[in-house]
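Hi there,

Here is the structure I promised to pass on to you. Have a look at it first, and then read my notes below.

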Amino acid sequence: MQRIANKVSRIALSSVGNFYGSASFRTKKCFSCSSWLVDCQSFEKHATPGGFVKWGLLGSCRNSSFATGFTPLEAKSLGSIIDIGRAQHQSPEDLAAIWDDYHLGRGHIGASMKANLYHLLEQRAADCRYFVMPLWKGSGYTTMFAQVQMPYMIFTGLEDYKARGTQAAPYFTVSYYTEFAETKDLVLIRGDVVFASKLTDTEAKWLLETTQSFYLNDKRYKLIERFNKETREFEFKDVLQALDIPSL
């Protein structure tokens, strides 16, 4: 497992150009940027890695067929989900509760966080964009590969990423809405499970909360730093130990 994690980390950190070159953007209709409000070329110019766009930011179409190419839905603005005008009159506590309740039973994950935590997450993610996370399933665990480029997170299976690189379809995508960060000290979070056959809503929620905890907890964040910056020193068993998951 350590060799696998080291290999993926070297791939992500040392060979980004190979994974995210122009060749990976040939698939018909896949990872379309045409629906995005930002200019795609401008985004790629400033984003690291630029290939994050090619993963199909914020894909939210459940059960999409990988064989025919993953085509995400249009990026959802906060205004397309809630009435921002009415939300402005809610207290932070009530707004967070309404947001969470809205997503229950709809196949999405609703959450929120304080603005200062979001800014810390944003700062740390800018410096360390990748991580591997064990997800317990039945009698063992599967390893998920995370890419973080705020205000988005994308998760896919490590084995799929190793096999397909940038053509690997996301299992789970997360977006952060900062419209109320200044006025209510509140950032709204929405998660979309893309492949329900790969990931349940409960697993997705755990994955989101646990990944955030690794970025926001000083001790756990050292493991993310090691994975991104000191690859040879990274031990996957340290992640398992932090989560009280037995090594297999």
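Helix H9 (residues 201-216) packs against helix H10 (residues 218-229) at an angle of about 95°, and their axes are 5 Å apart. That makes H9 roughly perpendicular to H10, a label for angles of 65 to 115 degrees. Axes here are lines fitted to C-alpha atoms, for helices over the stretch in contact, and angles run from 0 to 180 degrees between N-to-C directions. Helices (H or I, at least four residues) and strands (E, at least two) are DSSP runs, numbered from the N terminus.

Before going on, please note that this is a predicted model, where local features need pLDDT of at least 70 and side-chain atom pairs count only at pLDDT 80 or more, while totals for chains, interfaces and linings use all residues. Residues are numbered from 1 along each chain as its sequence is written, and side-chain values use heavy atoms, with hydrogens and water left out.

Now the sheet. Its 6 strands form an open sheet in the order S1-S6-S5-S4-S3-S2, with antiparallel pairing; two strands pair if DSSP finds at least two bridges between them. At the edges are strand S1 (108-114) and strand S2 (130-137), each pairing on one side only. From one strand to the next, the twist averages 25°. Strand S3 (residues 140-149) and strand S4 (residues 152-157) share 6 bridges, and Val148 has Met153 in S4 as its bridge partner.

Two helices pack on this sheet. Helix H5 (residues 92-103) touches S1, strand S5 (172-177) and strand S6 (186-193), where contact means heavy atoms within 4.5 Å. H9 touches S1, S2, S3, S4, S5 and S6, and its direction makes about 140° with that of S2.

Is S5 buried or exposed? 6 of the 6 residues of S5 are buried, so S5 is largely enclosed by the rest of the structure; buried means under 20% relative accessible area (1.4 Å probe, protein chains only). Phe172, Val174 and Tyr176 lie on one side of S5, with Thr173, Ser175 and Tyr177 on the other. S5 is joined to S4 by 4 bridges and to S6 by 6 bridges.

Finally, the largest nonpolar core has 49 residues, and Phe131, Phe172 and Tyr176 have the most contacts inside it. Such a core is a set of buried Ala, Val, Leu, Ile, Met, Phe, Trp, Tyr and Cys residues joined through side-chain atoms within 4.5 Å. Another core, of 11 residues, lies apart from it and includes Tyr177 and Leu188.

Happy exploring!

Definitions and conventions:
Parallel < 35°, antiparallel > 145°, perpendicular 65-115°, else oblique. Buried < 20%, exposed > 50% of the residue type's maximum accessible area, 1.4 Å probe, protein only.
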